[in-house]
Amino acid sequence: MQVEIIGANSALAEDGLNSSLLIRDESMTILADCGYNIYPRLQLLGYVENITAVLLSHLHQDHCGSAVTLLEDIVLTQKRSVYIGGTDWTPLLQACEENGFANRLMTGDCPFELETLSVPHSKGMDCRALFIGGELLYSGDTAISLLDTPQAQKASLIVHDASLRCGIPHAYIKDMAGAPAEIKAKTILTHYLPQSYHEMATAAKKYGFKGVARAGDVFEI
């Protein structure tokens, strides 16, 4: 399995790409999250024609904002069906129905190994961490650390949002720092402002994390 970081920045980043991952294996190309500035990047990279599944962690715009446009391209332009999953897609499915392609979206049995974990982030919103292929744990956005979960133990790679400040709806890096060393050593931190990268990277090194995600990073797991 190969994991490519498409974007790693938060909703308020003025010049960075929203958090998004592309996961490839021999049979599937899975996009995890598709924020408002992700679809144009996928087009530029030439990746749209290969995507076979789209997973969303939740419906904040920095995680889903260009998902309908991506699906419209895949279904109406490329004439392909695509699997969708993760969080509850109901509000977005209405837009897909209005645009005439909801019937080409597969929502039944997942064609690959996928486990979703309900996580706290935004009151009243369904938010899910994604455990993909038994190898990758992606937090999406969560107010708590997932590094003490069975999925974190099993994962070969963890991509987890982190905050340098306490009291906001993202996991606080100092709370995450209490995880076992072997868990931190396979954890990449994400969802930061570009101007905070060096501070986040310094903290990641101090606490023993694998590193901080940047667009274009590729990991083989």
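## Aromatic pairs

Tyr197 is buried, at a relative accessible area of 16%; buried denotes under 20% relative accessible area, exposed over 50%, and partly exposed the range in between, with a 1.4 Å probe and protein chains only. Tyr192 is likewise buried, at 6% relative accessibility. This is a predicted model, in which local features need pLDDT of at least 70 and side-chain atom pairs count only at pLDDT 80 or more, while totals for chains, interfaces and linings use all residues. Residues are numbered from 1 along each chain as its sequence is written, and side-chain values use heavy atoms, with hydrogens and water left out.

The structure contains 2 aromatic pairs, where rings of Phe, Tyr and Trp (its six-membered ring) pair if their centres lie within 6.5 Å, with planes under 30 degrees apart counted as stacked, over 60 as edge-to-face and the rest as tilted. Tyr83 and Phe112 are arranged edge-to-face, with 6.0 Å centre to centre and 80 degrees between the planes. Tyr83 belongs to strand β5 (residues 82-86) and Phe112 to the loop between β6 (105-106) and β7, so this pair ties together parts 29 residues apart in sequence. Tyr83 is buried at 6% relative accessibility, and Phe112 is buried at 13%. The ring centres of Tyr192 and Tyr197 are 5.9 Å apart with planes at 50 degrees, so that pair is tilted.

## Salt bridges

The count is 2 salt bridges, each a side-chain nitrogen of Lys or Arg within 4 Å of a carboxyl oxygen of Asp or Glu. Glu4 and Arg24 form a salt bridge with an N to O distance of 3.0 Å. Glu4 lies in strand β1 (residues 2-7) and Arg24 in strand β2 (residues 20-24), so the contact links parts 20 residues apart in sequence. Both Glu4 and Arg24 are buried.

Arg128 and Asp126 form a salt bridge, their closest N and O atoms lying 3.0 Å apart. Arg128 is partly exposed at 23% relative accessibility, and Asp126 is partly exposed at 26%.

## Strand pairing

Strands are DSSP runs (E, at least two residues), numbered from the N terminus, and two strands pair if DSSP finds at least two bridges between them.

Strands β10 (residues 157-161) and β11 (residues 187-190) run parallel and are joined by 4 bridges. Ile158 stands opposite Thr187 in β11.
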